[in-house]
Amino acid sequence: MLPQVVTYLPGLRPLSTMELYTDTYYIQRIQAGDVACFACLLDKYSRPIHSLILKVVRSQEEAEELAQDTFMKVFKNLASFKGDCSFSTWIYRIAYNTAISSVRKKRYEFLAIEETTLENVSEEEITNLFGQTESTEQVQRLEVALEQLLPDERALILLFYWKEKTIEELVSITGLTASNIKVKLHRIRKKLFVLLNGMDHE
């Protein structure tokens with residue numbers, strides 16, 4: 001049975017049982033010199049971070065390189081992490097910026113959608129779209145539609161729905177304002193509806 005308060009290294013404040021093996025626990029140990037604990041953070045975040053980056057850049061090889069780059073930045077800057085936001089938000093911010101910076105250096109072609117087409121999409125249609133993603137077929141169709149979004153749009157919608165990040169967390173991750181994020185999410189949902197609707201009529 002774990003004791004109620006445990007201190008493993010000099011300079012660490014006592015941690016309660018509730019805090020053991022949390023991000024805070026490992027970060028404090030790393031900052032105190034036990035760099036081997038970074039492997040625990042890698043184990044927790046490597047898969048979701050790689051998965052997010054892969055969905056943005058759409059290249060397995062590039063995603064692996066960018067994920068490694070992300071964790072190198074995390075390790076290098078961990079001493080400066082002050083806990084102003086959660087570690088999860090902080091690491092996703094680094095991953096987001098790393099992935100978006102990479103795709104901005106390249107030229108991609110994406111499907112353009114007329115503004116009037118987006119304006120004609122109703123709130124009810126958007127609600128129905130995001131309330132019907134239970135079947136495998138619906139999920140596959142949504143993934144195809146996501147591929148046609150701009151990288152930053154794809155990242156934003158994935159962070160909000162897939163990673164369930166709040167608007168406040170997205171502000172910290174993306175550097176955008178809360179109002180800008182809400183407008184972008186609304187517009188992206190409309191684009192997804194148009195793309196999915198187009199599949200139904202092919």
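Predicted model: local features only at pLDDT ≥ 70, side-chain atom pairs only at ≥ 80, totals over all residues.
Let me start with Glu 62, which sits in helix α3 and touches Val 57, Ser 102 and Lys 106, leaving aside residues up to four places away in sequence, where a contact means heavy atoms within 4.5 Å. Glu 62 is buried, with a relative accessible area of 11%; buried here means under 20% relative accessible area, exposed means over 50%, and partly exposed is what falls in between, with a 1.4 Å probe and protein chains only.

Residues are numbered from 1 along each chain as its sequence is written, and side-chain values use heavy atoms, with hydrogens and water left out.

Now the overall layout. The chain has 10 helices and two strands, these being DSSP runs numbered from the N terminus, with helices as H or I of at least four residues and strands as E of at least two. In sequence order, the pattern is β-β-α-α-α-α-α-α-α-α-α-α. Of the 202 residues of the chain, 40% count as buried, and among contacts with a separation of 6 or more, 61% join residues 24 or more positions apart.

Let me return to α3 and ask how it packs on α4. The two helices meet at an angle of about 135°, with their axes 9 Å apart; the axes are lines fitted to C-alpha atoms, for helices over the stretch in contact, and the angles run from 0 to 180 degrees between N-to-C directions. That makes α3 oblique to α4, given that angles under 35 degrees count as roughly parallel, over 145 as roughly antiparallel, 65 to 115 as roughly perpendicular and the rest as oblique. The crossing of α3 and α4 is right-handed, a term used when the near helix is turned clockwise from the far one by less than a right angle, with anticlockwise giving left-handed. On the α3 side the residues that take part include Glu 62, Leu 66, Phe 71 and Val 74, and on the α4 side they include Phe 87, Trp 90, Ile 94 and Ser 102.

Helix α4 also packs against α2, at an angle of about 35° and with the axes 10 Å apart, and here too α2 passes α4 in a right-handed crossing.

Which of its 54 residues touch the most other members? They are Ile 53 and Phe 87. The elements that give two or more residues to this core include α1 (23-31), α2 (38-57), α3 (60-77) and α4 (87-104), and the largest share, 10 residues, comes from α4. Domain 1 (45-109) and domain 2 (123-200) both give residues to this core, so it lies between them, with the domain bounds coming from an automatic or database domain assignment. Phe 87 itself touches Asp 23, Ile 27, Leu 41, Tyr 45, Val 74, Leu 78 and Phe 81, again not counting residues up to four places away in sequence.

After α1 comes Gly 33, with a positive phi near 115°.

Most residues other than glycine have a negative phi. Arg 58, in the loop between α2 and α3, has a positive phi near 60° and is partly exposed at 34% relative accessible area. Glu 164, in the loop between α8 and α9, likewise has a positive phi, of about 55°, but counts as exposed at 66% relative accessibility.

Finally, two pairs that are separated in sequence. Gly 175, in the loop between α9 and α10, is exposed at 63% relative accessibility, and its C-alpha lies 9.6 Å from that of Asn 97, 78 residues apart in sequence. Leu 195, by contrast, is in helix α10 and is buried at 7% relative accessibility, with its C-alpha separated by 8.9 Å from that of Leu 142, 53 residues apart along the chain.

Terms used: Core = buried A, V, L, I, M, F, W, Y, C linked by side-chain atoms within 4.5 Å.
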